[in-house]
Amino acid sequence: MPALAAAVDWTAPTSASAADAGRARLELRGLRKTLGDTAAVNGIDLRIASGESVVLLGPSGCGKTTTLRMVAGFIQPDGGEIHLDGVLASNASFALPPEKRRLGMVFQTYAVWPHKTVTDNVAYGLEVAGRSRAEIKAETGAVLDLVQLGGLANRFPAELSGGQQQRVALARALATKPSLLLLDEPLSNLDATLREEMRFELRGLQKNLGITTLYVTHDQDEALVLADRIVVMNKGRIEQIGTPEEVYHRPASRFVGGFIGIANMLEGEVAAVDRVGGRVLVALDAGDRLWSRAPERWLADATPGSRATVLLRPQDIKLERPEQPDQEAGTEATFVSETFLGNHYELKLQAGGTLLRVQSRVRGTFEDGRTRLWARAGSAWVVA
Amino acid sequence: MSEISLTSRAVGDRPSVSLLRRLSALQPVRFLVIGLSLAILFALIAYPLILLTGYSLVDAQGHLTFETFEKAFARRGMWQATVNSAWLVALVTIGACALGIPLAWIVARTDAPGKALVTLAAGVSFVIPTFISVISWIFLAAPNSGYLNKLAIDYLGFETAPFNIMSFGGLVFIEIVGVYPLVFFAVNAALNNVDASHEQAARILGSNRLRTTLTITLPLVRPAILSAVILVMLDALSSFGAPSAIGTMANFSVITTKIYDLLKFPPQFNYAAAVAMPIMVFTAISLLIQKYAIRAENFRTLTGKATPEQILTLGRWRWVAGGFCLIVALVTAILPVGALLLLSVLSSFGADIRLDNLVGKHYALIFDENFAARASILHSLLLALATATVCATLGLVLGWVVERFRFFGRELIGFLVMIAYGFPSIAYAVGILMGYVELFYGTLTLILIAYAGKLLPIAFVLVRNGIQQLSTDLEEAARISGAGWLRSIKDVTFPLVRGAVGIAWVLVFSLSLRELSMSAILAQSDTQVMPTVVLQFIEDGAVELAAALAVVIVVVSLSMLGLIRLFTAKKTTAVA
Ligand SMILES: Nc1ncnc2c1ncn2[C@@H]1O[C@H](COP(=O)(O)OP(=O)(O)OP(=O)(O)O)[C@@H](O)[C@H]1O
Ligand SMILES: [Mg+2]
């Protein structure tokens with residue numbers, strides 16, 4: 001793999017001057033598209049730098065596929081612009097045809113051509129580009145080795161497993177060394193184990209080749225593994241753009257917090273604001289007071305007495321005793337259910353009016369079905 | 001939110017798009033292909049139909065008038081012909097249902113012996129056009145010399161000949177035998193697709209077999225029956241071959257033969273167009289019923305699979321049902337085919353059936369260079385080749401356009417094509433004649449235009465279905481790999497629908513070979529085709545020659561249809 005990456009310079013922008021460092025591989029400006037009567041994509045701005053892996057993540061129907069297909073050139077936007085390597089590719093009145101965009105794409109259905117062998121599938125883009133026979137043979141072989149399909153080169157797709165077809169689709173998309181690789185839920189048709197394996201493999205490949213990717217999924221775990229940056233979408237709009245850590249630990253909205261990972265949302269009232277420390281003291285409706293970090297913009301408007309929603313991840317809730325002895329009294333909670341999951345217990349507890357999910361190594365002791373719990377220091381985050 | 005992640009509109013000026021880039025994005029080839037196929041479609045289908053309607057409604061001075069209708073229908077015998085057509089349609093429809101539905105039920109749901117035979121027989125009588133089965137039945141049941149009549153008088157003690165095929169009743173019989181397979185196949189397929197669970201659910205609730213059949217099964221297959229009934233009615237109404245052959249001898253007319261008469265020299269286009277109108281209107285109404293009434297009922301899309309539990313054990317009745325099957329097979333397939341083969345080698349119609357009376361001279365005459373029949377064989381083959389190629393190509397392009405493009409008027413293509421399908425051949429031929437006779441008088445091109453327009457729907461539907469089953473991803477993957485629009489069709493779409501295109505080609509080829517009603521109107525003395533020559537032979541009383549030429553048609557058609565196996569076999573390996 002390193003050999004191939006060295007032989008082929010994936011990272012250099014092929015048409016534009018490499019000197020122009022500020023130029024994005026892909027840039028979306030105010031992109032909009034209405035399908036039927038839904039605003040499928042409703043104003044999206046995004047820049048993807050060379051070599052970056054960006055994942056579009058969002059619930060079903062939020063416009064991920066539509067966005068991706070506009071980038072590919074299969075759908076023309078109603079408004080906004082798409083730039084590839086700094087050159088306009090689509091707007092409402094102009095659309096460069098897909099074949100002129102020099103992209104690679106992996107389809108959810110694989111779309112491996114059933115009448116062509118593995119080799120012919122992979123070689124197709126090179127043939128269309130008019131490369132010499134020797135070149136085609138060499139590069140096809142290299143890409144097939146890259147996805148570990150060297151041995152199956154002469155099979156027809158019908159003679160391959162789903163996972164293998166998936167690899168053919170990937171190899172085909174990589175063979176032409178596209179300036180940008182698009183993937184629309186490429187793993188969703190695989191079984192769970194294979195899906196998990198492929199995630200890491202794809203990430204490894206992406207990093208080794210340094211290829212710029214735009215990846216669409218509704219699976220948060222996939223997004224966390226694959227992304228340099230995650231773009232969380234909802235109802236045709238972007239909710240947040242950030243690194244996996246950012247979107248997980250510091251979600252910009254209630255929606256993002258709820259969509260990525262398991263979230264406990266606790267309502268409360270601001271008791272004190274510490275702008276310098278970037279945190280507020282929240283008096284929870286369920287009892288207890290805790291210091292919670294908050295987004296800067298929200299912090300700017302926060303005053304004592306205003307309402308706040310605090311996010312706590314299940315693993316950040318401690319049962320029985322506080323992490324530090326000087327923490328406050330804790331929150332009283334009643335037992336609802338308990339599940340043993342091997343390395344931890346998954347508990348459901350009721351605190352005030354809110355159902356909490358807690359992951360704990362200890363089973364917790366309950367008196368009359370009651371216990372106390374504390375938040376891990378520094379883990380709370382205000383989402384709204 | 002990091003700085004690089006969001007761009008403001010101020011960053012980077014809006015680049016202007018060069019004219020060249022805009023032009024390259026337009027894909028001129030694509031527009032050319034679409035535009036051209038639309039133009040051809042209009043020329044083939046819309047134009048003749050508009051002419052036809054126009055002629056019937058406009059008088060010589062160009063005024064809108066209904067006078068043409070009045071005059072046309074006031075002509076001698078015209079009213080009687082209309083009544084005859086109405087009777088023909090009614091009787092044939094009833095007869096085809098009475099034969100086809102019970103047979104379908106026996107084959108799909110009972111353990112009667114001889115089921116395979118019935119299916120085969122229905123296939124055979126479906127393939128043989130009525131102008132050919134007429135020949136067989138003349139041989140078997142002509143009033144005096146028919147061999148069945150002779151048999152009845154000589155051996156069964158009949159005083160007079162019991163059968164007379166040269167009568168209105170004879171015509172009804174031949175038409176029924178020709179169209180009942182439509183009902184049989186449709187109902188049989190529907191019955192096979194009724195999931196056992198529907199019927200079992202009723203049985204569990206206490207309904208007995210008969211009641212279940214009447215209240216569950218029958219309503220479920222009703223859409224299939226209605227669709228078939230409409231096809232049968234349209235077929236009977238627009239049939240021309242048998243009515244023409246028998247009508248000439250028995251001295252009666254139906255609408256289609258009247259239209260034909262009106263176009264004999266001197267041709268009276270206005271009247272022909274006016275007389276064709278009732279057929280057109282009836283067809284249009286039927287198709288609308290088909291589209292709305294039957295579609296509305298199609299919530300019960302049948303997708304199940306019949307299971308052995310649904311097979312009824314008939315017990316003693318088994319042999320009655322088996323006998324019925326055998327008789328049907330005998331009468332609709334074995335006898336006619338046997339008679340046709342025999343007649344084609346019999347020294348003369350009426351001769352005793354003995355070995356030394358079997359000769360090959362009729363075939364020799366047909367292939368004789370100095371005889372009209374040979375030219376007609378060449379013409380037919382040439383036309384079939386050309387029609388099949390034109391239809392398969394157009395079907396591919398149009399099917400692709402309709403399936404893959406969203407543009408205004410997309411539905412119009414499908415609509416125009418389907419109009420041509422429902423349209424009675426004879427009326428369509430009149431339209432073609434009016435539209436193109438001056439350009440192509442007396443040429444095979446004129447006939448080709450008519451064949452192509454009329455058979456295009458078959459190719460279109462087959463290829464369109466093939467394309468429908470192809471995921472668009474497959475083509476898009478080619479585009480993303482750098483292939484242009486045309487190249488993606490060539491490399492991906494076409495290889496994958498090749499099976500469907502091949503089947504369409506073969507079907508259109510076979511159907512062109514046996515096309516009579518349009519050929520009869522459009523063929524001139526030096527553009528005769530096999531069917532018109534067969535008809536001429538029948539009308540001249542040369543039934544042996546008619547039989548020999550008919551055998552040629554059937555053999556060529558059947559061998560071409562055999563090619564379908566080839567395509568279907570390939571298809572299964574190609575599509576995962
Ligand atoms: N052809 C269409 N006509 C009308 N509405 C459409 C059409 N295609 C998509 N939509 C709507 O546009 C919205 C966005 O669709 P899109 O396919 O982009 O969603 P997605 O984010 O990819 O979802 P999924 O995760 O389910 O694939 C959806 O609400 C969908 O119902
Ligand atoms: Mg999608």
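What share of the contacts in chain A with a separation of 6 or more comes from residues 24 or more positions apart? The figure is 65%. Keep that in mind while we walk through the model, which is a predicted one.

Chain A to begin with. Its secondary structure comes to 10 helices and 20 strands. The chain has 384 residues, and 53% of them are buried. Along the principal axes, the C-alpha atoms fill a box of roughly 75 × 45 × 40 Å. The accessible surface is about 16200 Å². Carbon and sulfur atoms account for 49% of that surface. On charge, chain A carries 44 positive and 46 negative charges. Their mean positions sit 3 Å apart.

Now chain B. Here we have 24 helices and 0 strands. Of its 576 residues, 50% are buried. Take the contacts in chain B with a separation of 6 or more: 78% of them are between residues 24 or more positions apart.

Next, salt bridges. Side chains of opposite charge can pair when their charged atoms come close. How many salt bridges does a search of the whole structure find over all chains? The count is 29.

Let me pick out a few. In chain A, Arg203(A) and Asp228(A) meet through their side chains, at 2.8 Å from N to O. Arg203(A) lies in helix α6, while Asp228(A) is in the loop between α7 (220–226) and β9 (229–234), so the pair ties together parts that are 25 residues apart in sequence. Buried or partly exposed? For Arg203(A), the relative accessibility is 10%, so this residue counts as buried. Asp228(A) comes in at 27%, so that one counts as partly exposed.

Over to chain B. Glu403(B) forms a salt bridge with Arg464(B), and the closest N and O atoms are 2.7 Å apart. This pair links distant parts of the chain. Glu403(B) is in helix α16 (residues 372–404), Arg464(B) is in helix α19 (residues 444–468), and 61 residues separate them. Glu403(B) is buried, at 13% relative accessibility. There is also a network: salt bridges that share partners join Glu27(A), Arg29(A), Arg47(A) and Glu81(A).

One further pair in chain B. The side chains of Arg354(B) and Asp352(B) form a salt bridge, at 3.7 Å from N to O. Arg354(B) is partly exposed, with a relative accessible area of 44%. Asp352(B) is partly exposed as well, at 46%.

On to surface patches. Asp191(A) sits in the loop between β7 (180–184) and α6 (192–209) of chain A. Its relative accessible area is 48%. Patch members need over 30%, so Asp191(A) at 48% clears that cut-off.

Chain B has a nonpolar patch. The members are Leu151(B), Ile153(B), Tyr155(B), Leu156(B) and Phe158(B). Together they have about 560 Å² of accessible area. Phe158(B) is placed in the loop between α7 (147–155) and α8 (168–193) of chain B. At 41% relative accessibility, Phe158(B) counts as partly exposed.

Last, two loop residues in chain A. Gly86(A) is in the loop between β4 (79–84) and β5 (87–90). It is partly exposed, at 32% relative accessible area. Setting aside neighbours within four places in sequence, Gly86(A) contacts Arg23(A) and Ala24(A). What separates the C-alpha atoms of Gly86(A) and Arg25(A)? The distance is 7.1 Å, and the two residues are 61 residues apart along the chain.

Then Ser253(A). This residue is in the loop between α8 (244–249) and α9 (254–259) of chain A. Is Ser253(A) buried or exposed? At 14% relative accessibility, Ser253(A) counts as buried. Buried means under 20%. Not counting residues up to four places away in sequence, Ser253(A) touches Glu239(A) and Val383(A).

To close, back to the opening figure. Contacts between residues 24 or more positions apart make up 65% of those in chain A with a separation of 6 or more.

Key
Residues numbered from 1 in each chain as written. Chains lettered and ligands numbered in written order. Predicted model: local features only at pLDDT ≥ 70, side-chain atom pairs only at ≥ 80, totals over all residues. Heavy atoms only, no water. Helix = DSSP H or I, 4+ residues; strand = E, 2+ residues; numbered from the N terminus. Buried < 20%, exposed > 50% of the residue type's maximum accessible area, 1.4 Å probe, protein only. Contact = heavy atoms within 4.5 Å. Salt bridge = Lys/Arg side-chain N within 4 Å of Asp/Glu carboxyl O. Patch = residues over 30% accessible without salt bridge, like charges linked within 9 Å, V, L, I, M, F, W, Y side chains within 5 Å. Areas by Shrake-Rupley, 256 points an atom, 1.4 Å probe, with all protein chains shown as cover. Lys, Arg positive; Asp, Glu negative; His and termini not counted. Charge placed at Lys NZ, Arg CZ, Asp CG, Glu CD.
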